[in-house]
Amino acid sequence: MFQTTLPNGRQFHLFGVLLAVLGNLVISISLNIQKCSHLQLAHQEQARPFFRSLLWWGGALLMALGETGNFAAYGFAPITLIAPLGCMSVTGSAFISAMFLKENLRASDVLGMTLAFAGSYLLVNFAPNISQAISARTVQYYFVGWQFLVYVKRNEAHCNSTNAGGTSRFQLIYGIIASLTVISVKAVSGMIAFSVTDKMQLTYPIFYIMLIIMIASCVFQVKFLNQATNLYSTATVVPINHIFFTTSAIIAGIIFYKEFLGAAFLAMFIYFFGCFLSFLGVLLVTRNREKEHLPQSYIDLGNIPGKQTLDKIQPDSNGLSCGTLPDGSDSTKSQSGEKKEV
């Protein structure tokens with residue numbers, strides 16, 4: 001087996017965790033900056049495309065910087081340690097939007113953030129403490145290993161046996177693509193880190209094979225996410241995307257890179273319990289978030305100072321008037337009586 005152990009593996013892991021946490025926080029800031037840009041453009045008299053806003057481009061650059069930090073983190077720490085920390089971007093975005101965009105910070109948000117941070121703490125402390133340098137020969141050995149080939153063949157059989165138009169097929173395909181993404185990202189980032197710290201690995205063909213797989217899987221993943229956001233709300237897509245991506249990444253780390261090899265049962269149990277807490281925290285933060293911003297379908301005159309009425313004006317979609325009061329109300333009768341007297 002072609003496997004090299006990293007010196008000072010714990011320090012490398014902590015450095016990877018630091019890169020992942022900072023990267024996810026930068027992504028949270030970038031999302032809120034882009035949201036602020038869209039809000040500013042919506043309040044302008046003359047509409048213009050969002051890509052002409054300098055603020056939006058600033059958010060896009062921060063997004064690229066955060067994703068670069070996540071990419072580098074996979075070169076220093078196991079997949080099972082880095083992938084679940086993506087909950088930081090979701091919970092951090094809710095906190096930043098409440099602080100700077102003056103959005104409501106609900107009790108469920110605070111509870112979700114607390115659970116996500118507690119789960120992340122358990123993940124960092126009880127994740128598998130495997131220290132291996134990802135060289136080109138290591139990736140080649142894992143790529144043709146029987147465990148990975150059985151995993152791919154099993155997923156292919158499930159895809160063929162699942163209904164082509166069902167949601168389960170969509171989720172299964174997305175899980176396979178997410179697995180390929182994290183496997184290739186770990187391989188490319190690990191070989192780059194190995195080239196910097198030890199021996200050049202960029203001359204091996206497996207590096208460019210993994211690079212092509214990484215780019216192609218990322219493109220298909222973005223395509224599937226766009227299709228999901230067209231079919232479902234963002235509040236539904238975000239937590240499901242996080243849970244499926246993280247679960248697929250953990251499975252890929254266990255099967256392809258054998259990151260749980262020799263792990264104690266208690267450590268594995270606490271690790272997966274931390275994953276459960278982080279998933280629950282993301283669900284609580286994103287729950288019913290879009291419903292708070294839905295506009296009212298009527299005008300309530302009871303909230304206008306000096307106006308007292310029990311009726312609400314309903315929009316009239318069939319006429320040119322702004323709206324009418326319900327039939328049989330006292331206001332309607334008094335207005336018709338005044339018209340007759342005139």
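Let's start with the lining of the largest pocket: its residues divide into 21 nonpolar, 18 polar and five charged. Here Ala, Val, Leu, Ile, Met, Phe, Trp, Tyr, Cys and Pro count as nonpolar, Asp, Glu, Lys and Arg as charged, and the others, Gly among them, as polar. A word on the source: this is a predicted model, where local features need pLDDT of at least 70 and side-chain atom pairs count only at pLDDT 80 or more, while totals for chains, interfaces and linings use all residues. Residues are numbered from 1 along each chain as its sequence is written, and side-chain values use heavy atoms, with hydrogens and water left out.

Back to that pocket. On a 1 Å grid over the protein atoms alone, a pocket is an open set of points with protein on both sides within 12 Å along at least five of seven lines, a cavity is a set where a 1.4 Å probe fits but cannot get out, and lining residues have an atom within 4 Å of a point. The largest pocket has a volume of about 1900 Å³, counted as the space filled by probe spheres set on the points, which are joined across faces, edges and corners. It is lined by 44 residues, and I27, L31, E67, S89 and N241 lie nearest its centre.

Which helix gives the most to this lining? Helix 10 does, with eight residues. Helices here are DSSP runs (H or I, at least four residues), numbered from the N terminus. Helix 1 (9–42) and helix 8 (167–197) are among those that each supply at least two lining residues.

Last, some helix packing. The axes of helix 5 (residues 107–126) and helix 11 come within 7 Å and cross at roughly 155 degrees, so helix 5 is roughly antiparallel to helix 11. Axes are lines fitted to C-alpha atoms, for helices over the stretch in contact, with angles from 0 to 180 degrees between N-to-C directions; over 145 counts as roughly antiparallel.

Helix 4 and helix 5 pack at about 150 degrees, with axes 10 Å apart, and are therefore roughly antiparallel too. In this pair, C87, M88, T91, A94 and F95 of helix 4 meet G112, M113, A116, F117 and S120 of helix 5, where contact means heavy atoms within 4.5 Å. By class, that contact has seven nonpolar, three polar and no charged residues.

Terms used
Parallel < 35°, antiparallel > 145°, perpendicular 65-115°, else oblique.
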